[in-house]
Amino acid sequence: MTGTARPTDSTIPEPCHLLIEAGHVVPMDRPGVVLQDHAVAIRDDVIVAVLPIAEARARFAPKETVSRPDGALIPGLVNAHTHNPMTLMRGVADDMPLMRWLQEHIWPVEGAIMGPEYVADGVTLAIAEMLRGGTTCCNENYFFPDVQAATYRRFGFRARVGLPVIDFPTAWAKSDDEYFDRACEVFDQWRHDALVSTTFAPHAPYTVSDASFERIRMLADQLDIPVHLHTHETAQEVAESQKKHGQRPLARLDRLGLVNDRLIAVHMTQLTDAEIALCAERGVSVAHCPESNLKLASGFCPVGKLQKAGVNVAIGTDGCASNNDLDMFGETRTAALLAKAVAEDAAALDAFSALRAATLGGAKAMGLDDRIGSIEAGKQADLVVVDLAALETQPLHHVLSQLVYATGRYQVTDVWIAGKPKLRERLLVDMDLDAILANAKQWRDRIGGISH
């Protein structure tokens, strides 16, 4: 054996489950950075390395390699506010203001059909749509959170599921005590799950009492979970709060101890400079839903001012009954363009900042930024490949710019959540598309008989 060198540890390739090679890797951990011809190595559900392709091939012995030389590998998109069971009410009631939309159409339909079957089927349809559009995590806000959680888990989709609180009886709960008792039961059931977690989801200041808000604040602190809340959505909401409580909604929430770093404040179209400063000081996150706000004529969230003040901004689609899609690429483009118009500043919410809001900003709002939202070693492998070779994104001068201003969700080719494939070359993995479509049609017939 003399003269034969024994292999050193450094020459033995490391095992990993998956190596994703991409022409462009967008890690989102540093402003403006795009890594050319890089690879991401994944072991089980965790990213173990981000490095040039040649180095990755030398260092790792993967069970599977996915090569996408024309692809941009990005963190999975995070939908920071949605009502996914309402996907089954897409297009039921369009072209009307918020309160008429809610009171005359949405709430009556929900009263007739809401139940476990409706929630499970709506979430299933939504998961398929989100995966095909590159979304790997959502912040859910609806009734029957137990059914939602089980459905997300069944398909391996990452979600924070809202524990609803509202001041009137629904099919989910009939009294204040029942809302809280059932919320705590669902929290306990899912508190240790790797993919599904919970938030408190009081509907809005105009539908939740002071006593319930105080109870939410106490429990959110004890259970260490966020509070996900529509607020300052319309001028009417603010005016009615001043009339009823003598305070604007945010001031009332502050009086009740809820304006802090647990608060995910949704919509926020009606804000003063002092309120923006308060949100920045307290660490509030704002879930911006530009297309829903535009469609319902609710107002404009001052994203440029929020960003300059240092407020964490996330992006959400809202529900399909008011948007009418779960397209985070479209929502992010709208957010970037609208921010510029509202601020009268073409530099407001630039391409990197917009994509950050759709990834790491959403993760931070949900308290998940230690796990998802960027491509870094040690984080969960929630990853998306976008094909930038399409005619619509050529010529490719700037990857970030193309992703925000030119890319369509149909260009998503591959999706992984926790290292598991969910979309492979545009085909859903472990979801029966034909069955989902057939189910959507039978819900159309059931809901159509109620809403017309």
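A cavity, on a 1 Å grid over the protein atoms alone, is a set of points where a 1.4 Å probe fits but cannot get out, and its lining residues have an atom within 4 Å of a point. Grid points are joined across faces, edges and corners, and a volume is the space filled by probe spheres set on the points.

**Ground rules.** I'm working with a predicted model, where local features need pLDDT of at least 70, side-chain atom pairs count only at pLDDT 80 or more, and totals for chains, interfaces and linings use all residues. Residues are numbered from 1 along each chain as its sequence is written, and side-chain values use heavy atoms, with hydrogens and water left out.

**Cavities.** I looked up how many there are: two cavities of 30 Å³ or more. I noted its lining residues as Leu 77, Met 328, Phe 329, Thr 332, Leu 355, Leu 403 and Val 404. The elements giving two or more residues to that lining are α12 (328-343) and α14 (399-405). Helix α12 has the largest share, three residues. (Helices are DSSP runs of H or I with at least four residues, strands are runs of E with at least two, and both are numbered from the N terminus.)

I then sorted the lining of this second cavity by class and got six nonpolar, one polar and no charged residues. My classes: Ala, Val, Leu, Ile, Met, Phe, Trp, Tyr, Cys and Pro are nonpolar, Asp, Glu, Lys and Arg are charged, and the others, Gly among them, are polar.

The largest cavity comes to about 40 Å³. Among the residues lining it I found Arg 217, Asp 221, Gly 257 and Arg 262. Helix α6 (residues 210-223) gives the most here, with three residues. By class, I wrote down three nonpolar, two polar and three charged for the largest cavity.

Strand β13 (residues 383-387) pairs with β14 antiparallel over four bridges, and Val 385 has Asp 414 as its bridge partner in β14. On to β15 (residues 420-424): three bridges join it to β14, again antiparallel. Val 415 has its bridge partner in β15 at Leu 423. In the β14 and β15 hairpin, two residues sit between the strands, and Ala 418 takes a positive phi near 50°.

Notes: 1 Å grid on protein atoms, 1.4 Å probe; cavity = no way out; pocket = protein on both sides within 12 Å on 5 of 7 lines; lining within 4 Å. Pairing = 2+ DSSP bridges.
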